[in-house]
Amino acid sequence: MDPTQSLQLLDIMDPSPSGWWPLPWGWWFVILECFFALVGLIWLGIWLYRRHKRTKASLSVLEHHWREFNDHGRPGDFLANVNLVLKRHCRTLGLKAALPLSGDAWGAFLKDRLPKGQHGDIDAYLQSLYSPRPALSPDVAYQAAQRWIRRLRC
């Protein structure tokens, strides 16, 4: 063997370590996913906060009408005010299609937007509206309206 050729062989060396910049595409993908998840969580939080605020305002107005009914005591007026509060709540939720509805169409709209467990009092409530002898007592209507306002879906 030629001694000059053995001098040219070097030891096996590790490649130089790569720097952290620029990031590989996988890290960019993870960063973008985290960004969009954060934006989505912030949007969801704002949406839930606004929905809760609207629901709380509608329940406050309903409570006001309930106290007014307890002071003056006309069931027909209270049920009409419940109807008004429900329509205002629909308007605040952006359900403007509900505003011109009345009668069976209004009942069908409520049934579409409420869970099936909440449908029980809707028909009795609609029959009691503007009736001299309401089929639904005001306290049952008050409790049902509270549930409807909390459960109404957009």
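**Figure 1. Helix α2 packs against helix α6 in this predicted model.** The axis of helix α2, which covers residues 25-72, and the axis of helix α6, which covers residues 138-151, come within 9 Å and cross at roughly 170°. An angle over 145 degrees counts as roughly antiparallel, and α2 and α6 are therefore roughly antiparallel to each other. On the α2 side, the residues that meet the partner helix are Arg51, Thr55, Ser58, Leu59, Leu62, Glu63, Trp66 and Phe69, while on the α6 side they are Pro138, Asp139, Tyr142, Ala145, Gln146, Ile149, Arg150 and Arg151. Sorted by class, the contact of α2 with α6 comprises eight nonpolar, three polar and five charged residues.

**Figure 2. Glu63 is a residue of helix α2 that takes part in the contact with α6.** With a relative accessibility of 28%, Glu63 counts as partly exposed, a class that lies between the limits of 20% and 50%. Glu63 and Gln146 are 83 residues apart along the chain, and their C-alpha atoms are separated by 9.1 Å in the model. Both Glu63 of α2 and Gln146 of α6 are listed among the residues where these two helices meet.

**Figure 3. Helix α2 also packs against helix α3, at an angle of about 170°.** The axes of α2 and α3 are 10 Å apart, and the two helices are therefore roughly antiparallel to each other. Helix α2 contributes Arg54, Thr55, Ser58, Val61, Leu62, His65, Trp66, Glu68 and Phe69 to the contact, and helix α3 contributes Pro75, Phe78, Asn81, Val82, Val85, Arg88, His89 and Thr92. Divided by class, the residues of the contact of α2 with α3 are eight nonpolar, six polar and three charged.

**Figure 4. Asn83 lies in helix α3, which covers residues 75-92.** Asn83 has a relative accessible area of 11% and is therefore buried, since the limit for that class is under 20%. The side chain of Asn83 is joined to the side chain of Trp106 by a polar contact of 2.8 Å. When residues up to four places away in sequence are not counted, Asn83 touches Trp106, Tyr125, Leu129 and Tyr130.

**Figure 5. Leu126 is placed in helix α5.** The relative accessible area of Leu126 is 19%, so this residue is buried, given that the class requires a value under 20%. Leu126 and Trp106 are 20 residues apart in sequence, and in space their C-alpha atoms are 8.5 Å apart. With residues up to four places away in sequence left out, Leu126 touches Gly103, Trp106 and Gly107.

**Figure 6. Ser128 is found in helix α5, which covers residues 122-128.** Ser128 counts as buried because its relative accessibility is 0%. The side chain of Ser128 reaches the backbone oxygen of Ala124 at a distance of 2.7 Å. Setting aside neighbours within four places in sequence, Ser128 is in contact with Leu79, Pro134, Ala135 and Leu136.

**Figure 7. Leu114 sits in the loop between α4, which covers residues 103-113, and α5.** Although Leu114 is placed in a loop, its relative accessible area is 1%, and Leu114 is therefore buried. Apart from residues up to four places away in sequence, Leu114 touches His119, Ile122, Trp148, Arg151, Leu152 and Arg153. Leu114 and His64 are 50 residues apart along the chain, and their C-alpha atoms are separated by 23 Å.

**Figure 8. Trp21 and Pro22 are joined by a cis peptide bond.** The omega angle of the bond between Trp21 and Pro22 is about 0°, and Pro22 is placed in the loop between α1 and α2. For comparison, most peptide bonds are trans.

**Figure 9. The confidence of the prediction is shown as pLDDT for the protein and its elements.** The mean pLDDT of the protein is 86, and 95% of its residues reach 70 or more. Among the elements of the protein, the lowest mean pLDDT, 59, belongs to helix α1, which covers residues 3-7, whereas the highest, 95, belongs to α2.

Definitions and conventions
Residues are numbered from 1 along each chain as its sequence is written. This is a predicted model: local features need pLDDT of at least 70, side-chain atom pairs count only at pLDDT 80 or more; totals for chains, interfaces and linings use all residues. Side-chain values use heavy atoms; hydrogens and water are left out. Axes are lines fitted to C-alpha atoms, for helices over the stretch in contact, and angles run from 0 to 180 degrees between N-to-C directions. Helices (H or I, at least four residues) and strands (E, at least two) are DSSP runs, numbered from the N terminus. Angles under 35 degrees count as roughly parallel, over 145 as roughly antiparallel, 65 to 115 as roughly perpendicular and the rest as oblique. Contact means heavy atoms within 4.5 Å. Ala, Val, Leu, Ile, Met, Phe, Trp, Tyr, Cys and Pro count as nonpolar, Asp, Glu, Lys and Arg as charged, and the others, Gly among them, as polar. pLDDT is the predictor's confidence in each residue, from 0 to 100. Buried means under 20% relative accessible area, exposed over 50%, partly exposed in between (1.4 Å probe, protein chains only). A polar contact is a pair of N or O atoms within 3.5 Å; within protein, one must be able to donate a hydrogen and the other to accept it, and residues adjacent in sequence count only if both atoms are side-chain atoms.
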